[in-house]
Amino acid sequence: MAGREAINQYARAFVSIISKREDALTIFSEFRDVANGLTENTAVVHYFLNPSILTRDKVKMMDKLLIDVGADGIVRRLMTTLVKNNRFNILKFLLEPTRHMLYEELGMVEVKLTVPVALSKGMEARFQAAFEKRTGKQVVLSTQVDSGVIGGAVARIGSLLIDGSLKTNLVKMREKLTGEI
Amino acid sequence: MKKLVVFAFLMTIPVFASGHVPEGYWFELMAKSVNAVVFFGFLFWLLKKPVVNALSSQRENLSLQLEDAERKEKEAAARLDQIEKRMSGLKAEVEEVLKKTDEAANREKQRILEQAKLEADKVRSIAEREIEIRFRTARNELRKYMTDLAVEKAEAILLDKMEPKDVENTMMQYLSELEV
């Protein structure tokens, strides 16, 4: 798929540049904020996807916008390159692969933890430590509160799912009971 | 001959009645008598054979007719006998046909009954299987419904009754398992 290949190419190029810098995570955060801000604004999206507007004008507009928000030079270059190459449409799909590649490049791993109630700082630290011990990598922990979990927690590390929620236990119990039929 | 003498006598009666016998009367009477004899003899000679033949023919004819009637009567009797025999045979034949028909009908009836019994057994077997399947399906659905209900109830109770501390304990347990 050309679109996916293009996304991976841009993500790989961007990560290869920012991973050499100490503030790689900060730059990525900035890129994420800029990308979200642009793609969530319908007028901006329509402007940059409008074929009747000259690419040169779009590039100038993008550069101006990013200067106004004080974006880092590498982020500006990535964004203007996308506009110049008529690839603004892949911007919203670029975040996840970029983050994934960056974390991998930096020896980090993202853990998405779903819990029934908000974690205290102490609990969050204990979870982070436990996941770092288990993965052997630096963990970027993102927590999400979902009362539907009822109790326990659910962790997703890449494609690995560690489900210890009461909700899932109830589902398993139901399957076991109906499976005996 | 007797008849002839009587006839001759009768011819003399008018003469005796008049009381006077004319001359030459006896000669004339004799001649007339001879003539009469000759005439009747000739007549007898001439007619005897045809009359006899006619009578004989009539007799033979009557005899033939009688024989024919007798023969026809015998034939009729024979035919009657034959018909009676045939009738009696026909009755037996009819009885035989009726018997055979009755037997065939009984066999057919038996066959139909057996066939019907087989069909009934088949239908009963299918119905039993269907009932068993439906019963099993209904039982499974009921059990699934009860299980779903029980799990939903358990979930509702957990959500309702679990204190924040209980929830934290479940998370701690998860964390403990993670740290092992």
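What follows is a short chat about a predicted model with chains A and B.

Trainee: Let's start with chain B. In what order do the elements of chain B run from the N terminus on?

Mentor: Chain B has three helices and zero strands. Reading from the N terminus on, the order is α-α-α.

Trainee: And what percentage of the residues in chain B is buried?

Mentor: To count as buried, a residue needs 20 or more other C-beta atoms within 10 Å of its own. Chain B has 180 residues, and the buried share of them is 2%.

Trainee: Which helices of chain B each supply at least two residues of the side that touches chain A?

Mentor: Across that interface, 21 residues of chain B are in contact with 20 residues of chain A. On the chain B side, the helices that each bring at least two residues are α2 (25-161) and α3 (164-179).

Trainee: Over to chain A. Are α4(A) and α5(A) roughly parallel or roughly antiparallel?

Mentor: Helix α4 (residues 55-69) of chain A packs against α5(A) at an angle of about 160 degrees, and the axes are 9 Å apart. Angles over 145 degrees count as roughly antiparallel. So the pair is roughly antiparallel.

Trainee: Which residues of α5(A) make the contact with α4(A)?

Mentor: α4(A) passes α5(A) in a right-handed crossing. From α4(A), the contact uses A:T55, A:K58, A:V59, A:M62, A:D63 and A:L66. By class, the whole contact has six nonpolar, two polar and four charged residues. The α5(A) partners are A:V75, A:R76, A:M79, A:T80, A:V83 and A:K84.

Trainee: What about A:I150, buried or exposed?

Mentor: A:I150 is another non-glycine residue with a positive phi, near 70 degrees. This residue is found in the loop between β2 (138-145) and β3 (154-157) of chain A. A:I150 has 20 other C-beta atoms within 10 Å, so the call is buried.

Technical notes. Residues are numbered from 1 along each chain as its sequence is written. Chains are lettered from A and ligands numbered from 1 in the order in which they are written. This is a predicted model: local features need pLDDT of at least 70, side-chain atom pairs count only at pLDDT 80 or more; totals for chains, interfaces and linings use all residues. Two residues are in contact if their C-beta atoms, placed from the backbone, lie within 7 Å. Helices (H or I, at least four residues) and strands (E, at least two) are DSSP runs, numbered from the N terminus. A residue is buried if 20 or more other C-beta atoms lie within 10 Å of its own, exposed if 12 or fewer, and partly exposed in between; C-beta atoms are placed from the backbone. Axes are lines fitted to C-alpha atoms, for helices over the stretch in contact, and angles run from 0 to 180 degrees between N-to-C directions. Angles under 35 degrees count as roughly parallel, over 145 as roughly antiparallel, 65 to 115 as roughly perpendicular and the rest as oblique. A crossing is left-handed if the near helix is turned anticlockwise from the far one by less than a right angle, and right-handed if clockwise. Ala, Val, Leu, Ile, Met, Phe, Trp, Tyr, Cys and Pro count as nonpolar, Asp, Glu, Lys and Arg as charged, and the others, Gly among them, as polar.
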